[in-house]
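Hi,

Here is the structure I promised to pass on. Have a look at it first, and my notes follow below.

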Amino acid sequence: MPHSTPGLRRPLAASAALLGLLTLAGCGSGVSDASALGGEARPPAYPGRITLNSDPPGARCILTNTSDGSRVAEVTTPPQVPLPRSTAIIEAACTAPGHLDTAMALRPVRDFADGIHHPQPIGTGVAQNAVAVRTGSTRRYTDATVVLPPQSFPSVEARDAWFADRAAAIRAAAAPGIARAQRAPNATIDTPEVLQGYLAADLAALDRQKAAATVAAPAAGPEPPARRRR
């Protein structure tokens with residue numbers, strides 16, 4: 001029977017423990033990523049830019065970094081806008097004739113593309129996680145469409161229907177990110193509560209636009225004929 005050396009077992013055990021921590025800190029994020037995606041395909045690699053569309057097309061937009069107030073770009077939609085990985089929320093403030101001025105928050109989201117793994121905040125991943133959170137190295141921006149409401153609607157019903165449809169679209173766009181964060185909190189950077197707060201802010205901004213929209217006065221009908229004097 002081979003004789004084991006106590007002094008040899010300790011280095012081997014320490015190496016195994018270190019390997020386990022490294023697995024949890026790095027490759028282990030692949031497991032939580034899969035849980036977060038819930039069967040969805042991973043996105044393509046981030047090219048470092050987005051396409052900014054608008055409805056109606058041809059809106060004039062000024063993009064501002066809200067973290068320091070610097071201007072990122074001034075464009076007419078639809079342009080390609082370079083946006084490197086970051087934690088900064090970019091505001092796209094757009095104008096178009098006949099429509100209400102609209103500002104949209106372009107928020108960097110967790111990047112689930114192949115090869116992008118956010119370190120887990122455990123073991124040896126603590127320091128790496130802190131760096132990724134601070135720098136946004138595992139975040140990306142996504143293509144966006146700024147929807148500008150008409151300034152005026154033909155009726156109250158038309159106005160209410162337009163804003164109800166827009167609110168439903170905003171909720172639908174936010175739902176996948178919130179669901180990912182709920183399925184796998186360790187795989188994402190923003191918590192479900194943070195993402196729900198963003199959704200509430202977007203819906204509140206939409207309500208302010210609804211209050212600013214006008215309803216056209218009904219067209220005046222023909223005047224009744226003058227009564228004859230007897």
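A word on terms to begin with: a residue counts as buried under 20% relative accessible area, as exposed over 50%, and as partly exposed in between (1.4 Å probe, protein chains only). By that definition Gln 196 is partly exposed, because its relative accessible area is 37%.

Please keep in mind that this is a predicted model, where local features need pLDDT of at least 70, side-chain atom pairs count only at pLDDT 80 or more, and totals for chains, interfaces and linings use all residues. Residues are numbered from 1 along each chain as its sequence is written, and side-chain values use heavy atoms, with hydrogens and water left out.

Back to Gln 196, which lies in helix H5 (residues 192-212); helices (H or I, at least four residues) and strands (E, at least two) are DSSP runs, numbered from the N terminus. Leaving aside neighbours within four places in sequence, Gln 196 is in contact (heavy atoms within 4.5 Å) with Ile 178 and Gln 182. Arg 171 is 25 residues from Gln 196 in sequence, and their C-alpha atoms are 9.7 Å apart.

Now the interior. A nonpolar core here is a set of buried Ala, Val, Leu, Ile, Met, Phe, Trp, Tyr and Cys residues joined through side-chain atoms within 4.5 Å. The largest one has 20 residues, and Leu 52 and Leu 63 touch the most other members. Strands S1 (49-55), S2 (60-65), S3 (71-76), S5 (90-95) and S9 (144-147) each give two or more residues to this core, with S5 giving the most, three. Another core, of twelve residues, lies apart from it and includes Leu 100 and Ile 170.

S5 and S6 pair over five bridges, and Ala 92 has Met 104 in S6 as its bridge partner.

Last, the rings. Trp 162 and Phe 163 form an edge-to-face pair, 4.9 Å centre to centre and 70 degrees between the planes. For such pairs, ring centres of Phe, Tyr and Trp (its six-membered ring) lie within 6.5 Å; planes under 30 degrees apart are stacked, over 60 edge-to-face, and the rest tilted. Trp 162 is partly exposed at 24%, whereas Phe 163 is buried at 4%.

Best wishes

Conventions. Pairing = 2+ DSSP bridges.
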